[in-house]
Amino acid sequence: MRVVIVTESFPPDVNGVAHCALQTARHLVDRGHVPLVVAPATAASSEPDASAPCPVVRVPSLPLPGYPQVRVALPSRRVAVALTEHRADLVHLASPFVLGVRGMAAATRLGIPAVAVYQTDLAGYARTYMGAGEAAAWRRIHSVHAAADRTLAPSSAALHDLEAHGVPRVRLWPRGVDTVRFHPGRRDEALRRRLAPNGELIVGYVGRLAPEKQVELLAGVCGPTGVRVVVVGDGPSRTHLAEALPGAVFAGRRTGDELARFFASLDVFVHTGPFETFCQTVQEAMASGVPVVAPAAGGPLDLVAHGRTGLLVPPRDAAAVRDAVWALAADPALRDAFGAAGRAAVEGRTWAAVGDQLLAHYEDVLAARRTAVAV
């Protein structure tokens, strides 16, 4: 099968869309298929994509004003040319919004089936950054996803949102996790001593530091002695959060095995953002054997079994976050039980397993197209 993955982001970018697109390309190669990636150019993409599992076509792009880590693709014929030259059997649209819209249009013109993967709560971002624009964001989401042969939602909450806004042909497709890399055995006592030299309980957040993530909700956890807040990641809110979270350790962006050591070395993982369509960091914390506190909204509703693998709290509620952390801080046995149950819950969710589910969606779409042509 020849597949073109048109993605709004791809490594060296570090985010959920980029990571999922990379894992998809890897799985296609592993199963003997022939993928090609089309992605926005980055500041570093003048260099060959040496770590990519397949060829990558880069489309000219500009940094998003106020958030230079995010690149927005410029109009280009490269998308249509890539689909034609690759002789694509299917187009995979990863979180389509700008580049993906052009990918969908090109696929339609060329008569190539398309699978659109919904991954980013753009309507929630519109509320956060502009205070409005949610309806316009949903209109754009609907227009591109309604044109696809199938839309894949990462969680039951995301699926419900898409269907509620009239998007047809939606199916569930979750995300995988590297259960070898993210493992309780990665716990690093030397790292723990550096982060918490007085033996404090280590409470961590991992992810982008941006307004929609609402990391400042951890402020109530920073005050008392005996707790050390560790923030792993980078983004435009870094300076603001350094003031909002006194005493917190800001470890910057970490990747690969180093990131896995940070995860496994936490005592409690807290995710604060209410706009997650999935929330990969929750799954990585669970794979690392760490109990989770997360908002009862979006993707975490599927991932966290409240009272068994972690605690779900009302979104945007700093007091609820604080109280959940204190409950876990006071009960080491409960932390151990939640961590073990979380690890057990995700052990079967490998990227290979969910990649095969994706291939089954592809086959369904191709079969439906063949049937339609025959009729």
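# Close-up views of a predicted protein model

**View 1. The surroundings of Gly207.** Leaving aside residues up to four places away in sequence, Gly207 touches Val232, Gly233 and Asp234, where contact means heavy atoms within 4.5 Å. This is a predicted model, in which local features need pLDDT of at least 70 and side-chain atom pairs count only at pLDDT 80 or more, while totals for chains, interfaces and linings use all residues. Residue numbers start from 1 along each chain as its sequence is written, and side-chain values rest on heavy atoms, with hydrogens and water left out. Gly207 is found in the loop between β10 (201-206) and α8 (219-222); helices (H or I, at least four residues) and strands (E, at least two) are DSSP runs numbered from the N terminus. With a relative accessible area of 22%, Gly207 is partly exposed; buried means under 20%, exposed over 50% and partly exposed in between, using a 1.4 Å probe and protein chains only. Ala367 is 160 residues from Gly207 along the chain, and their C-alpha atoms are separated by 39 Å.

**View 2. The whole protein, for orientation.** Let's step back for a moment. The protein holds 15 helices and 15 strands. Its C-alpha trace spans about 65 × 40 × 40 Å along its principal axes. The radius of gyration is 21 Å, which agrees with the value near 21 Å for a compact globule of 375 residues; this radius is taken over C-alpha atoms, and the globule rule is 2.2 Å times the number of residues to the power 0.38. Of the 375 residues, 53% count as buried. Among contacts with a separation of 6 or more, 65% come from residues 24 or more positions apart.

**View 3. An open sheet of seven strands.** The strands follow the order β3-β2-β1-β6-β7-β8-β9, and the pairing is parallel; two strands pair if DSSP finds at least two bridges between them. At the edges stand β3 (56-59) and β9 (170-172), each with a single partner strand, so one side of each is left without a neighbour in the sheet. From one strand to the next, the twist averages 20 degrees. Look for β1 (residues 2-7) beside β2 (residues 34-40): these two pair in the parallel sense over five bridges, and Val37 in β2 is the bridge partner of Ile5. Helix α6 (residues 156-164) lies across β8 (150-153) and β9, running at about 175 degrees to β9. Axes here are lines fitted to C-alpha atoms, for helices over the stretch in contact, and angles run from 0 to 180 degrees between N-to-C directions.

**View 4. Aromatic rings in pairs.** The structure holds three aromatic pairs. Rings of Phe, Tyr and Trp (its six-membered ring) pair if their centres lie within 6.5 Å, with planes under 30 degrees apart counted as stacked, over 60 as edge-to-face and the rest as tilted. Tyr118 and Trp138 form a stacked pair, 6.2 Å centre to centre with 25 degrees between the planes. Tyr118 lies in the loop between β7 (114-117) and α4 (122-130) and Trp138 in helix α5 (residues 134-147), so the pair ties together parts that are 20 residues apart in sequence. Tyr118 is buried at 3% relative accessibility, and Trp138 is buried at 8%. Phe263 and Phe269 form a tilted pair, 5.7 Å centre to centre with 45 degrees between the planes. Phe263 is buried at 0% relative accessible area, and Phe269 is buried at 0% too. Ring pairs link Phe182, Phe263 and Phe269 into a cluster.

**View 5. Arginines over rings.** The charged end of Arg140 sits over the ring of Phe97, 5.1 Å from its centre. Arg238 lies over the face of Phe250, at 4.3 Å from the ring centre. A charge sits over a ring if NZ of Lys or CZ of Arg is within 6 Å of the ring centre and within 35 degrees of the ring normal.

View 6. Helix α11 (residues 280-287) is mostly covered, with eight of its eight residues buried; among them are Gln280, Gln283 and Glu284. Just after α11, Gly289 takes a positive phi of about 75 degrees. Further along, β14 (residues 292-295) and β15 pair in the parallel sense over four bridges, with Val292 opposite Gly310 in β15. In a regular strand the side chains alternate between the two faces of the sheet. From β15 (residues 310-313), Gly310 and Leu312 point one way and Leu311 and Val313 the other way, and all are buried.
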